[in-house]
Amino acid sequence: MHFPTAGGPFFRHLRMWHAVLASLVVAAVVAFLVLLPSDGARSVPNSPCRPADSARGDTPATPDLDGDGFVDLVHEISDTENFDVIVVPGSAHGPDHDRTTVLTRDDLGVPDDIQTADDPWQPTIADLDEDGHADLVVSGAAQVLWGGPKGPQAGGPHGRVPLPGSGYDTAPIAGDFDGDGHTDLAVFRFSNEDQELVILKGPFKRSGAPTRTVEIPSPVHEGASPVLIAGDANDDRATDLALYDSPWDPPLLFTGGARTAGGLSKKPERLPEGENVVFGDFNGDGRQDVAIGRSFVDSYDEVDTPHRRGQISVRYGKAPGKWVTMDGGDFKEGFGTRLAAGDFNGDGCDDLAVQLTKKKETGDARIEVLRGGSEHGLGSKPWRATKRSVPGDDGPVDGTLFAVHDWDGDGRPELALLGGDTWWITDGTDRDEASFPVTPSKDQGP
């Protein structure tokens, strides 16, 4: 299972969010469609997948703010006037909506004039000061709410990572980019005057100050606004950094652990064209693979989608110079608009959850899961599929892929889908682990 960090691929274009959230109307949930049911956790014939109870070599970081061993569902909701971080604590039954906490702009110390994004995001959760407790980094202000035995608390100690200049609308993402064992942060500066990639070296002081700040000239065209995602593409234990979702540039991959000021390679590798990137071990050989989704659906619904199928390009760690491309879905159906990796059947190989969206702004979406561990890695046909919907002002609003984690602590990850004002935690079929509204009821205290 691989944690998608803040500002990751899963909600870049969810522009229908505000119209639905403003209404605050949660109607009946309609859950439907499963193409192929799960056949249980078993090894795939001729697959190198390890048994489900075997030790995975690399345990990924999880968003566990209170340190109780359960993954928390954390998301940031912001617009030009409001800013909230909503924390749904984890439990043996998945996210516990009855214990939801809402951290407001004042609780987090986010300045009123800070630039914020207009989509839900996953804030960054990392131990920046190395005290053994997870810290919360939010907003384009890179505001830090320091962790403790019970997690970051409203009114608790604050800090702010000093970012050079201005032009930031999302929190930095975390990773050990130079491989020195300390958590670093990376963020892209969206400035009309001076775009750049900024690396902030850890460990961090309680004021939020990094050990060092490194500014790298922008590797993308002027005006681009790439998403950053961290992962280890070459298994050297230093974090690599991918940039994607620029309309003028293919995805780029910086290799970590380089002998440079920021720890990243001097020049990025140009990856095959696509709109998102995800890392996972799809063939079970213990090495990380890279998958890229290319749906051919434009970010704006006014632009017609070419009459072709979407595709996934995969590079396996055992063959770093070769890309395998798979078509999926129907023509113009948008196969590949979002991706997430996780071992959903517990066989030791990561599977790939792929979202299909015909128009990115209309809220139509369904999820297909490609099984890992086939003879060559990922299978080309989905073995699970799911769709969730709630009524909206302009028709049904479908649940969109937000994140993948082991939400209930049973050793297997689930999908978190978000549509309208509703969360679904599902195993990728028509069965929900949990379903609850995004916003807590008015009489529910923090």
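Which residues does tyrosine 316 touch, not counting residues up to four places away in sequence? In this predicted model, the list is Phe282, Asn283, Asp289, Lys322, Val324, His376, Gly377 and Leu378.

Tyrosine 316 sits in the loop between β19 (310-315) and β20 (324-328). Its relative accessibility is 8%, so tyrosine 316 counts as buried. One of its contacts, asparagine 283, is 33 residues apart from it in sequence, yet the two C-alpha atoms are 7.7 Å apart in space.

Now to the aromatic rings. A search of the whole structure finds 2 aromatic pairs, and here they are:

| Pair | Arrangement | Centre to centre | Angle between planes |
|---|---|---|---|
| Phenylalanine 188 and phenylalanine 190 | edge-to-face | 5.2 Å | 65° |
| Phenylalanine 402 and tryptophan 423 | edge-to-face | 5.0 Å | 75° |

The pair of phenylalanine 402 and tryptophan 423 links distant parts of the chain: phenylalanine 402 belongs to strand β26 (residues 400-405) and tryptophan 423 to strand β28 (residues 422-426), 21 residues apart. Both of these residues are buried.

What about the other pair? Phenylalanine 188 has a relative accessible area of 2% and is buried. Phenylalanine 190 has 19%, and because buried means under 20%, phenylalanine 190 is buried as well.

One more ring deserves a look: arginine 371 lies over the face of tryptophan 383, at 4.3 Å from the ring centre.

Note on methods: Residues numbered from 1 in each chain as written. Predicted model: local features only at pLDDT ≥ 70, side-chain atom pairs only at ≥ 80, totals over all residues. Heavy atoms only, no water. Phe/Tyr/Trp six-rings, centres within 6.5 Å; stacked < 30°, edge-to-face > 60°. Buried < 20%, exposed > 50% of the residue type's maximum accessible area, 1.4 Å probe, protein only. Helix = DSSP H or I, 4+ residues; strand = E, 2+ residues; numbered from the N terminus. Lys NZ or Arg CZ within 6 Å of the ring centre and 35° of its normal. Contact = heavy atoms within 4.5 Å.
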